[in-house]
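Please keep the sequence and the structure in view while reading.

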Amino acid sequence: MNRIFYFILLFGKISYGQTMLDVATGEYSTHYVKSDGTVWVTYNTVYDEIWTITRIPDLNKIISADGGQYTSVFLDSAGNVYSCPGQSTASKAYTTDYNGNVFTGVSKVYAMWGMIVAIKSGEVWYWSFTNPGFAAQEDMLLQFSSRMSDGIQKPRKLIQPVGKTIVKCIFGSGISPYSTAKLWGLASDGTLWQWDQTHTTPFLVKGKSGFETTWTGTIADAVMGPDISMVVTSTNEVWCWGFNAANYGGHSDWENVSMTKISPQMRLAGIKFPLK
């Protein structure tokens, strides 16, 4: 069945009389959050043939969601975090942190492969999801010198950039996540900080590593993927670097060149600033 038609069919069925609040997508699942705070999943009752729209029974008052490779993560109106792996209808609540303290008051949640990231009081927390029948997912950042297969079972606060309030997180990884995974934290003052597999303490991102070229103004937003890293600044400029840059208006080979300001090409193409 055509994927777009299938989505419209699902959307119409589960949102009748309400609006869709959020959608969390991953390789193995799509979860839908309705405006009444309930969560629904396209459950595969016969592999790759029959799908049933099923409600996740223990999720209520959900206000946002995010999907990763292997799991979706949810945030309720009280600041509590939950996850659902794959197409499972069983949710898991994270009520305590790594040290056994009550874990609530979260403002944003993100899913990255089998990991979960949360922002709480401007600080970044990080852990693996688990569920019956599945092993703990890998520790993508190796922040705490854990073995790759051990994961981190409960929310654990990352080492924070001193004096910074994080307002957004961005995760990026190539095909081989265990060597290229990294997490960005955008601070309220427009600075960008990176955690990865080789730095225990987050460091300030100023541009493409190994090159002196940097942007002007402060960062208003950022995005990262397997092939590209990109920042939008307060001066309405877009800077990017990575691989396959010709797809984004930059060089055909970015291996040995600094990052590129692509906003002039974007303006020529008719894109208006400021961007949203």
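The sections below describe a predicted model.

## The four-stranded sheet

Four strands make up an open sheet, arranged in the order β9-β10-β11-β12, and their pairing is antiparallel. The edges are taken by β9, which spans 106–112, and by β12, which spans 156–157; each of these has a single partner strand, so one side of each is left without a neighbour in the sheet.

Within this sheet, strand β10 (residues 115–120) and strand β11 (residues 123–128) run antiparallel and are joined by six bridges. A118 stands opposite W125, which belongs to β11.

## The nonpolar cores

The largest nonpolar core contains 33 residues, and those with the most contacts inside it are V81, M112, Y126, W127 and L183. At least two residues of this core come from each of the strands β6 (71–76), β9, β10, β11, β13 (166–172), β14 (182–187) and β15 (192–196).

W127 is one of the residues with the most contacts inside the largest core, and its surroundings can be listed in detail. Leaving aside residues up to four places away in sequence, W127 touches V81, Y94, F103, M115, I116, A118, I152, Q153, K154 and P155.

S72 lies in strand β6. Is S72 buried or exposed? Its relative accessible area is 0%, and because buried means under 20%, S72 counts as buried. The side chain of S72 is joined to that of H31 by a polar contact of 3.0 Å. When residues up to four places away in sequence are not counted, S72 touches A24, S29, H31, D66, G67, Y82, S83 and C84.

S83, one of the residues that S72 touches, is placed in strand β7, which covers residues 81–85. With a relative accessibility of 1%, S83 is likewise buried. Which side chain makes a polar contact with the side chain of S83? The partner is the side chain of Y94, at 2.9 Å. Again not counting residues up to four places away in sequence, S83 touches T71, S72, V73, F74, A90, S91, K92, Y94, I116 and F129.

Notes:
Residues numbered from 1 in each chain as written. Predicted model: local features only at pLDDT ≥ 70, side-chain atom pairs only at ≥ 80, totals over all residues. Heavy atoms only, no water. Pairing = 2+ DSSP bridges. Core = buried A, V, L, I, M, F, W, Y, C linked by side-chain atoms within 4.5 Å. Buried < 20%, exposed > 50% of the residue type's maximum accessible area, 1.4 Å probe, protein only. Contact = heavy atoms within 4.5 Å. Polar contact = N/O pair within 3.5 Å; in protein donor to acceptor, adjacent residues only side chain to side chain.
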